[in-house]
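Dear colleague,

I am passing on a structure that you have not worked with before, and I would be glad if you could look it over alongside the notes below.

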Amino acid sequence: MEYQEFVSRLEELLNQLVSGDTDTARIRTATSTLNNDFYSSFTCVAALVQILSSSTHWQVRQLAAVELRKRSTKWWPKIDLNTQTAIKNQLLEVILREPHELVRHATARVISSIAKIEIPAGTWNNLPQFLYQCCQSPNAGHREVGIFVLYTLFEVIIEAFQDNLRQLFELFGAALNDPESKVVRVTTLQALGKVAEIIESDSKADVQLFRDLIPSMVNVIQQCLEEGDNDSAIKGLELFDELLLLETPLLSNHLQQLIEFVLVVSRNNQYDDSVRVMALQFLILVTNYKKAKIQKLKLVGPIIQQLMPIGAEDDPDDQDEESPSRMAFRVINSLSTKLPPQQVFPVVMENVITYVQSHDPKFRKAGMMAFAVLIEGCADYMRPKFNDLLPLVCSGLRDPETIVRRGACIALGCLAEELDQEIASNHATLLPLLFDLMNDSNTEIPKQACNALDAILEGLDDEILHYLPTLMERLLLLLDNGPNEVKTTVTAAIGSAAHAAGGEFKQYFPAVISRLLMLMTLNKNNDDVLLRGIATDTVGSVAEAVGKELIQPHVNDIMRLAIEGTQLDNARLRECSYCLFAVMARVFEEEFNVYLSTIMPQLLKSCQLEEFDPLILDAEENLSTDVDVDDDDDDDAEYAINSAIVDEKEIAAEVIGEIFENTRSNFLPYVETSISELVKLASHHSDGVRKSVVASLFCFLTTFYSMSNPVQWEAGLPVKVPVHENVQNMIKTVIPTILAIMSDEESKMVMVQLYQEFIDALKRCGPAIIADHFDPIAENILSVYEKKALCQLDNVDDDELLDEDEEAEYDALLISVASDLVATLALVLGPGFASYFKVYLPHITKYYKKSKPVSDRSMAIGCLGESTVGLKSGISEFTEQLLTLYLKALGDEAEEVRSNSAFAIGVLCEHTTIDISSQYNLILSRLYPLFTEKSVLNITDNACGAVCRMIIKCPQAIPIDQVLEVIMQTLPLKQDYEENEPVFQCIFSLFRASNSYVLNHIPEFLNIFAQVLSSSEDQLKDQTRQELIDLIKALNQQFPDIVARSPLGPFLQS
């Protein structure tokens, strides 16, 4: 085919594709012809350039540019040098005279794709200078071309401009203030976003030059807002989001002004909601990545002050639709979880109190919702204030306005999630209020009331029994007659009621199971499937409550419907089925193995699912489109993460471990594949998936250990009690994977989960699981104490450290769990852990000082006490330092701290090899006030345990008669039954020594013994219980009349 014929035929085919022809067969034929006969030859490049240059139809020119970008990279090396030069020159001419913006943009991307090859090779050196000249041209159109081509170049080859940054900044400074063209100004913003990516933190001059441009960048966004150009304003705000995420601190000097700007934008309800939402999103990112700056600049108060009126705006009917009011509450939630509660809670509550007293229901709603979102990050801080806060919620539940009652229900649900014990203790006040709301005529209120009820019931135990008849009557009535959206929350609440009631739920089982099985057949629409999923979850809760015997006749139907649910195209329903599988495995244990061959392939398939959905083809790929294509630069399809699939993976990964734990040897054929999939998911981008992987890997390890019929481990390294070969093999797979997660983990809550799982595994399996891996674990804990772990890097902002004495509750939780891990390592390593404990000690003790909150002080003393239990004699070298600390802590203003101190000083006396008997009188004088305190039940228990340990260790240093007189008034112990060990060992030793005091008070002791032995709670370890019974029998031999008068007869037959 002759060249000109080639060009003509190519243009004809392109014209056919953009003509609007709806004949798909013809379009397919044309596309096939293009690919096979034209794009398969390098001649197409020059031909497309000619068409781009000469066609009279802009759609054809645009399509020619689109195809040229795709083909030029592939064929460019095949084209001779002269033709290459001609093409480059022609493209620059074309773009300057092209009248249509879409075609100019497509052509710019052609130029950048060729420049990506040519500039590194040094064969298009005049291009940058050409573009600089365009940017400075008196012709606004040329300036638009110059800046846009620069922007597209920056997208693909920004590094080539590294040495020209100062020239660029000068150019961009003028472009941001272009007097004619908003296109120039907005494109310059986007280009600066790309330039920012290559500015190094140590390039102080470049950093400052960029910072100098920020006021002009803000002005561009403001101009767009004033002109109603929402798309451009959003692009500008997105740019500032991206700048926040960079390591180079480009925004720091202007952060306060930027926050003030986005707050002004957020407050202005004349702006489009999409713009206001984007402005509020910036505040969330600031809270996440610049929280030290927020604290230093004291911006929490001003931010909250501006957010509250936004929260009073109307919400859209669609619960999933983002809005300024909902985003404002998300910002408050972010502040509460990322910043110390001392800095957020008082400010928010001051506004909450004002708003809930307003005559305007919208303001009362805003106050209630602000309180609701505050709870997650301030739960521990607000716990002592709970009784003052609850009336606020109760008042909201009684409010005459629907939006306020709804907000109060949400707030109550949040309280129940975070402060379950406090909420449970107020059941008499709260449940009647919720019962009334369940009858509300507005369907949204029963729905939210049931949500709150669901959360409350999770924390109730026997207290539910009094309400159960009324509760179930209301719930079943709503389940039978309510709309689907109410039925979902009602069904969930039934599951929570079953969980709380336990065996007492059996009387409601027939009525409930028939309804749930019917709901598990629904599949007509999305609402049906959602309700079916909740019903599936609830069947699991009911099964666990009523037990195997009652659920057995229904198990085949339940499992059939749940398995059917996994085959429907709904990730949420599969999650619910998987959760049910885990529950049924717990209920039926090894009997569940008959379902493994059916459900395990499905669970493993979920772990392997592709979670990236291809987006609709962008404009440049759509051959008949006329939409702008600015956002795409490469030939690959773009993808979006399917969050439903991610959630499904999270549940599947967790459930696999639970099923193995309960089916044990029957599961062995699936172990290798399961472990393989879990290890692959260990580096997954989702925090939730990684948490599930951690849980399941440890579950596999501990289950293998329990299946090996192990001998009880002994503390210390090297390992004294070897583990089974299968366990050792599992250790070699699991622990390196866990350590890899540990070293690279960016999420605090994943680290918290990992540490907690490690603690449980160590206590069950002993030192063997860390024998070959202890040093990296020890180093990781130290990095957490030093605030250098990867997940703590948000605590450092431009070389500004956060206040050591004030931490967000999630930060404090990580330190607390790390301290629990230290104590557990002491337990499994024994005295050999002393050298490591010496390193950790100063980091732990710094949390005991007056400026720290009670939770921190309590954690520090508790950790040291528990570590002492494990270290035993290894604690001796720290005796003087710890004794001084504990004596001080015994006078702490917080009972919780004094209680932990009593325990800690007792175990120190017990285990140290240093003679501190000379300090016993001082210790006793500090312990004595604790025996009169009743509000914290275990404070006297720990004081008793401490004194008894001292008696056992050095009885001659104790005024025993006086001390026993006090102890006798507090026995039996009320809560901390672990302390019964030292208490009863002390009593046994005193009886063996024929101590006069105990022999003179045998009836009182027998009464204590009877209370302990007859308690419904298991207060004694088996060996101690047997020793006590042996003592009673011995006393019966010596003092039969006294024993006969006691209530101990049944135990004499043991």
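A residue is called buried when its relative accessible area is under 20%, exposed when it is over 50%, and partly exposed in between. Please keep in mind as you read that this is a predicted model.

With those cut-offs, Asp480 is partly exposed, because its relative accessible area is 41%, and Arg515, at 24%, is partly exposed as well. These two residues form a salt bridge, in which the closest N and O atoms are 2.8 Å apart. Asp480 belongs to helix H25 (residues 468–481) and Arg515 to helix H27 (residues 509–519), so the pair ties together parts that are 35 residues apart in sequence.

The structure holds 47 salt bridges, and a few others deserve a description. In general, side chains of opposite charge can pair when their charged atoms come close.

One of them joins the side chains of Lys291 and Asp811, with a distance of 3.3 Å from N to O. Since Lys291 lies in helix H15 (residues 291–296) and Asp811 in helix H39, this pair ties together parts that are 520 residues apart in sequence. Lys291 is buried, with a relative accessible area of 1%, and Asp811 is buried too, with a value of 6%.

In the loop between strand S4 (800–801) and H39 sits Glu807, while its partner Lys787 sits in the loop between helix H38 (774–785) and strand S3 (796–797), so that the pair links distant parts of the chain, 20 residues apart. The salt bridge between Lys787 and Glu807 has its closest N and O atoms 2.7 Å apart. Lys787 is buried, with a relative accessible area of 15%, and Glu807 also counts as buried, at 11% relative accessibility.

Lastly, salt bridges that share partners join Arg532, Asp557, Arg560 and Glu564 into one network.

With kind regards

Key:
Residues are numbered from 1 along each chain as its sequence is written. This is a predicted model: local features need pLDDT of at least 70, side-chain atom pairs count only at pLDDT 80 or more; totals for chains, interfaces and linings use all residues. Side-chain values use heavy atoms; hydrogens and water are left out. A salt bridge is a side-chain nitrogen of Lys or Arg within 4 Å of a carboxyl oxygen of Asp or Glu. Helices (H or I, at least four residues) and strands (E, at least two) are DSSP runs, numbered from the N terminus. Buried means under 20% relative accessible area, exposed over 50%, partly exposed in between (1.4 Å probe, protein chains only).
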